[in-house]
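Subject: Structure handover

Hi,

Here is the structure I promised to pass on to you. Please have a look at it first, and then read my notes below.

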Amino acid sequence: MLGQSKAFSGFSVDDLGQARRFYGETLGLDVAETGEGDMRMLTIKLGTGAQVFVYPKETHTPATFTILNFPVDDIEAAVAELTGRGVTFERYSGFDHDDKGIVRVGNGGPTAIAWFTDPAGNVLSVLQEN
């Protein structure tokens with residue numbers, strides 16, 4: 001029944017304007033704002049045709065897990081470009097990060113991953129697959 005549904009994900013932020021600028025200008029994604037007052041939200045269109053909804057929440061608590069993963073062909077180039085746009089990469093204990101914040105992994109998963117946060121503190125990543 002749900003296998004044919006055009007499912008979508010959503011997450012909250014504490015400042016919709018900051019989120020719109022970050023996702024639209026800093027990350028260069030296609031972002032549209034809809035609604036009015038308490039019903040305002042952002043729609044982020046991803047390259048796959050999927051959409052993600054972002055909504056303001058007064059009691060927002062940042063996700064402590066990765067909410068969006070962006071596969072890239074060249075993680076070095078992606079990290080360099082995002083760093084140039086003002087993105088700071090996170091370093092988590094238990095992982096061996098290089099000086100750019102990239103973790104090299106393997107075992108059938110992505111070959112490299114680097115985490116960063118949006119202005120609301122939600123965790124995102126760029127990752128290079130095998």
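How many positive and negative side chains does the protein chain have, and how far apart do the centres of the two sets lie? There are 10 positive and 18 negative side chains, with the two centres 3 Å apart. Here Lys and Arg count as positive and Asp and Glu as negative, while His and the chain ends are not counted; each charge is placed at NZ of Lys, CZ of Arg, CG of Asp or CD of Glu.

Some ground rules before the rest. This is a predicted model, in which local features need pLDDT of at least 70 and side-chain atom pairs count only at pLDDT 80 or more, whereas totals for chains, interfaces and linings use all residues. Residues are numbered from 1 along each chain as its sequence is written, and side-chain values use heavy atoms, with hydrogens and water left out.

**Overall fold**

The protein chain has 2 helices and 8 strands, in the order β-α-β-β-β-β-α-β-β-β along the sequence. Its radius of gyration is 16 Å, close to the 14 Å that the globule rule gives for 130 residues, so the chain is as compact as a globular protein of that length. (Helices, H or I with at least four residues, and strands, E with at least two, are DSSP runs numbered from the N terminus; the radius is taken over C-alpha atoms, and the rule is 2.2 Å times the number of residues to the power 0.38.) Along its principal axes, the C-alpha trace spans about 45 × 40 × 25 Å.

The accessible surface comes to about 8000 Å², and carbon and sulfur atoms account for 49% of it (Shrake-Rupley method, 1.4 Å probe; for residues, only the protein chains shown count as cover). Of the 130 residues, 35% are buried; buried means under 20% relative accessible area, exposed over 50%, and partly exposed in between (1.4 Å probe, protein chains only). Taking contacts between residues at least 6 apart in sequence, 52% join residues at least 24 apart, where contact means heavy atoms within 4.5 Å.

**The core**

The largest nonpolar core holds 29 residues, and Tyr23, Leu68, Phe116 and Val126 have the most contacts inside it. (Such a core is a set of buried Ala, Val, Leu, Ile, Met, Phe, Trp, Tyr and Cys residues joined through side-chain atoms within 4.5 Å.) At least two residues each come from β1, α1, β3, β4, β5, α2, β7 and β8, and α1 gives the most, with 4.

Leu124 sits in strand β8 and is buried, at 0% relative accessibility.

Leaving aside neighbours within four places, Thr43 touches Asp30, Val31, Ala32, Gln51, Val52 and Phe53.

Asp14, in the loop between β1 and α1, is partly exposed at 48%. Setting aside neighbours within four places, Asp14 is in contact with Lys57, His60 and Ala120. Its C-alpha atom is 29 Å from that of Phe95, which is 81 residues away along the chain.

Gln4 comes in the segment before β1 and is exposed, with a relative accessible area of 76%. Gln4 and Gly47 are 43 residues apart in sequence and 20 Å apart in space, C-alpha to C-alpha.

Best wishes
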